[in-house]
There are 2 protein chains.
Amino acid sequence: MRELISRYRQLKVAANRDLGHHSIATTIAELALHARGLLASIDHGALASRVAGKQYFNYRGEHQSRPVNQDLFELDDGTFRHQTDRFISGMTSESPDTIVRIAYTLAYSVFVTNDVFGIGRKASATYFEILSGHMVARHFGISPRRKVRIPESGTDLPTDYVFDPGERSRKVHLPVKTSTRERAVQAWVHQLVLDRIFGTGMYRGVLVVASETKRNTRTDEVVEICVPRQLQMFQARVAEISRVYYLDPPAPYLALAETFPRVEVRSFGLAFSELDDLLRR
Amino acid sequence: MRELISRYRQLKVAANRDLGHHSIATTIAELALHARGLLASIDHGALASRVAGKQYFNYRGEHQSRPVNQDLFELDDGTFRHQTDRFISGMTSESPDTIVRIAYTLAYSVFVTNDVFGIGRKASATYFEILSGHMVARHFGISPRRKVRIPESGTDLPTDYVFDPGERSRKVHLPVKTSTRERAVQAWVHQLVLDRIFGTGMYRGVLVVASETKRNTRTDEVVEICVPRQLQMFQARVAEISRVYYLDPPAPYLALAETFPRVEVRSFGLAFSELDDLLRR
């Protein structure tokens, strides 16, 4: 476990230096493989699911892990090793389903290890930020920054990841969260602040979220906490987030892409066929 | 303790009916006196303070309570009983210092009892909302609502307390929090949403907060968690909150009233000499 924590630190340092560098993928893959090694001795079992059409299980060590989606998580270690190879080589020709499955397994292998060994949610949040930030950085071929310079003020505004392909291009604002709960509003507020500083349309907001499921500790059931009306209100009245990508998209949020005010919620696997177009439109 | 919880329920029901009714003051006072009775057998002791110029103590039962400001909290039960009498009679001629001292003691007598007996932060949050909402409602002579009707849509938007003195008057939007931490942004976003629905200036935003102190569980010291630059950014780029009133105002926030972008942070005791003017300007 001490090694896992020291691997986190190394990943964080390397990610701060150059998030899009291909070696980051190797460091992520090795960290995830190491976490899977720690998981090997831990029992897992199915959970009753209150989420229509989806089955979940979790790991039960000293602590119980968060729920894991049975259809998205690769349990077989041999197959997972192949997945990490594809992840390291860049996944440029993989299907959306394959991409999301690999990203989900890389993410949850580490999340549940953190949960079971009581490492804390902050480590999972940082790791997920690096994992998804790296995938987007690799796609664009540029590393993001974590601040923007405010014109006429000479000061910097700390932000989530921002990708800037150059002066004559739109930019991407990429908040990343393991789940949103009452924190979804932060993504919309940061988007509004960027809109107000740089003008609406300069930054495209792309929110990446792992899932909205949790285990109800009283009933041991998996529940999904969604506030679709709130997201619609943010989208209509605060700012426009162009895409919300989920590893495990909640059905009530996917439905927001079909209604008004529209929030374009999709599977994260689709991001890589849409991102370039988002910068153009 | 079961009685305390049943008193909460009664207060909540009565507050939903008519928050400004004078009988609410009696129900609050009786609840606080009951909580003080439960506290009588609980030890308290000083805490090391990292907050310049302020001393804190806390209660230590099954759980440890949050820190209590020594200069604002009335420890003597006889004096507290007199305070509750003044609270019930409306405090129309009390000084700002007296008002904040009475409000602080009413609030923290209940907060620490909840902490010590493990009743949970939600109960404290609801109680504080009712306590400060009642004081403002009594001052205006009108009870607030918790939703606004969205024009041209026929639907209601759930809000914090909103006070509407009538069609030809500005209105007050009153978010209430025991502490803000990363949740301060919510007050600014709700203000922005009201501005965008009804036009800027229709609703005056007045945020009421108890304090930003907490006990560092590792070192046992009292620390104050403040993000002044963030509040300035919200004020400059998201929406304008007209006043932020604290029971125990953090010095770094009070300083925001003297700088640019300005955030008017004050002691809650001053609210009652300013609120009418806020509606007019």
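Predicted model: local features only at pLDDT ≥ 70, side-chain atom pairs only at ≥ 80, totals over all residues.
**Relation of the two chains**

**Sheet of chain A**

- Chain A has an open sheet of five strands in the order β3-β2-β1-β10-β9, with mixed pairing (strands are DSSP runs of E with at least two residues, helices are runs of H or I with at least four, and both are numbered from the N terminus; two strands pair if DSSP finds at least two bridges between them).
- The edge strands of chain A are β3 (68–69) and β9 (213–215), each of which pairs on one side only.
- Strands β1 (residues 43–49) and β2 (residues 56–60) of chain A run antiparallel and are joined by five bridges; His44(A) has Tyr59(A) in β2(A) as its bridge partner.
- β1(A) and strand β10 (residues 221–224) of chain A run parallel, joined by two bridges, and Ala48(A) stands opposite Glu221(A) in β10(A).
- β9(A) and β10(A) run antiparallel with three bridges, and Thr213(A) stands opposite Glu224(A).
- The hairpin formed by β9(A) and β10(A) has five residues between the strands, and Asp220(A) in the turn has a positive phi of about 65°.

**Sheet of chain B**

- An open sheet of five strands in chain B has the order β3-β2-β1-β10-β9, with mixed pairing.
- At its edges stand β3 (68–69) and β9 (213–215) of chain B, each with a single partner strand, so one side of each is left without a neighbour in the sheet.
- β9(B) pairs with strand β10 (residues 221–224) of chain B in the antiparallel sense over three bridges; the bridge partner of Thr213(B) in β10(B) is Glu224(B).

**Helix packing in chain A**

- The axes of helix α4 (residues 96–116) and helix α5 (residues 121–140) of chain A come within 9 Å and cross at roughly 160° (axes are lines fitted to C-alpha atoms, for helices over the stretch in contact, and angles run from 0 to 180 degrees between N-to-C directions).
- α4(A) and α5(A) are therefore roughly antiparallel to each other (angles under 35 degrees count as roughly parallel, over 145 as roughly antiparallel, 65 to 115 as roughly perpendicular and the rest as oblique).
- Residues in this contact include Ile99(A), Leu106(A) and Phe111(A) of α4(A) and Tyr127(A), Phe128(A) and Met135(A) of α5(A) (contact means heavy atoms within 4.5 Å).

**Helix packing in chain B**

- Helix α1 (residues 2–17) and helix α5 (residues 121–140) of chain B pack at an angle of about 40°, with their axes 11 Å apart.
- That makes α1(B) oblique to α5(B).
- The contact is made by Tyr8(B), Leu11(B), Lys12(B) and Ala15(B) of α1(B) with Ala123(B), Thr126(B), Tyr127(B) and Ile130(B) of α5(B).

Methods:
Residues numbered from 1 in each chain as written. Chains lettered and ligands numbered in written order. Heavy atoms only, no water.
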